[in-house]
Each structure stands twice: as structure tokens, then as C-alpha cells.
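Colleague: I would like to learn how to read a structure that is new to me. Could we take it one feature at a time?

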Amino acid sequence: MALAGLTDPTTAKKCLEKLMDTRFRVTITDGRKIIGDLWCIDNAQNFVLLEVKEMVVREDGTSSTRSLGPLVMVPGRHVTKVEAVKKHIKVAQEQLKVA
């Protein structure tokens, strides 16, 4: 898993640990985007998110959002893309350099 240019798995894991409780957007195989705060990722790369919303973008460019609940597990086999807010990634990377 490459995280913001990190190719070393140990460093990427430490960076990801520092991103816990920050906002993530997970795109799944059918095109939906699942948005929530990262709570955990297991060994099968299943993502557990808090305060989750689903966003669907239609072919005509319109989108709709609905709440999925306070806690949602996104199966890793359906994940095609994971995004975090850039400033949170930079802070996490800076914290790793200091530690």
C-alpha cells in the first residue's frame, strides 16, 4: 500500500495510524463514495468508518448523499480508492519525521 508516496510498509502503517479519526473518502467497485472518519483497518484491508455518509454521482453530474449510520465496515475487496485530506497526511508525515 502506498500512502502519499510512502513505499515502505512499516512507515506507511505508522503514517496511517496517525491518520486515525480523520476524514476519509473510500471509493468502492460500483462507483459509490463512502465518507467517514477512519476508525480502523484490519489485516484484510476492511475499513471501519464512523459517522458515515454515502455519495452517489450520477452520469448527468448530479449527486446525492445519504447517511449510512454511526459505524460502517467497508469490505476491502470492494475498495478501489482511498483518499484523505491532504493537510492531515502532511501532518502525519511530519510527525513521523520528528519521532
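Modeller: We will go from the whole chain to the sheet, then to the core and a few single residues. Keep in mind that this is a predicted model.

Colleague: Which elements does the protein chain have, and in what order do they run from the N terminus on?

Modeller: Two helices and five strands make up its elements. From the N terminus on, the order is α-β-β-β-β-β-α.

Colleague: What does the radius of gyration say about the protein chain?

Modeller: The value is set against what a compact globule with 99 residues would have, near 13 Å; the protein chain has 14 Å, so the two agree. Along the principal axes, the C-alpha atoms fill a box of roughly 45 × 25 × 20 Å. Of the 99 residues, 29% count as buried. The accessible surface comes to about 6,600 Å², and carbon and sulfur atoms account for 52% of that.

Colleague: How do I read a sheet?

Modeller: In general, strands of a sheet pair through backbone hydrogen bonds, and the pairing is either parallel or antiparallel. Here five strands form an open sheet in the order 4-3-2-1-5, with antiparallel pairing.

Colleague: Which strands stand at the edges?

Modeller: Strand 4 and strand 5 (79–84) do. Each has a single partner strand, so one side of each is left without a neighbour in the sheet.

Colleague: How many bridges join strand 1 to strand 5?

Modeller: Five, and the two strands run antiparallel. To find a point on this pairing, look at V26, whose bridge partner in strand 5 is V82. Strand 1 also pairs with strand 2 in the antiparallel sense, over five bridges. There R25 has I35 of strand 2 as its bridge partner. I35 in turn stands opposite K53 in strand 3. Strand 2 and strand 3 are joined by seven bridges and run antiparallel.

Colleague: What lies between the strands of each hairpin?

Modeller: Four residues lie between strand 1 and strand 2, and G31 in that turn has a positive phi of about 95 degrees. Between strand 2 and strand 3 there are five residues, with Q45 in the turn.

Colleague: Is D21 buried or exposed?

Modeller: D21 has 55% relative accessibility and therefore counts as exposed, the cut-off being over 50%. D21 sits in the loop between helix 1 and strand 1. Q45, with a relative accessible area of 44%, is partly exposed.

Colleague: Which residues have the most contacts inside the largest nonpolar core?

Modeller: They are L19, F24, V26, I34, L38, L49 and V74, in a core of 15 residues. At least two core residues come from each of helix 1 (9–18), strand 1, strand 2 (33–41), strand 3 (47–57), strand 4 (63–74) and helix 2 (86–98). Take L38 as one example: leaving aside neighbours within four places in sequence, its contacts include L16, L19, M20, F24 and L49.

Colleague: What about residues outside that list?

Modeller: T22 is in the loop between helix 1 and strand 1. T22 has a relative accessible area of 12%, so it is buried. Beyond four places in sequence, T22 is in contact with G36, D37, L38 and H88. T27 lies in strand 1 (residues 23–28) and, at 9% relative accessibility, counts as buried. Among the contacts of T27, neighbours within four places aside, are R32, K33, H78 and V79.

Colleague: Where is V56, and how is it placed relative to H88?

Modeller: V56 is in strand 3. The C-alpha atoms of V56 and H88 are separated by 25 Å, and the two are 32 residues apart along the chain. With a relative accessible area of 28%, V56 is partly exposed. Leaving aside neighbours within four places in sequence, V56 is in contact with R32, T62, S63 and S64.

How values were computed:
Residues numbered from 1 in each chain as written. Predicted model: local features only at pLDDT ≥ 70, side-chain atom pairs only at ≥ 80, totals over all residues. Heavy atoms only, no water. Buried < 20%, exposed > 50% of the residue type's maximum accessible area, 1.4 Å probe, protein only. Contact = heavy atoms within 4.5 Å. Core = buried A, V, L, I, M, F, W, Y, C linked by side-chain atoms within 4.5 Å. Pairing = 2+ DSSP bridges. Rg over C-alpha atoms; globule rule 2.2 N^0.38 Å. Areas by Shrake-Rupley, 256 points an atom, 1.4 Å probe, with all protein chains shown as cover.
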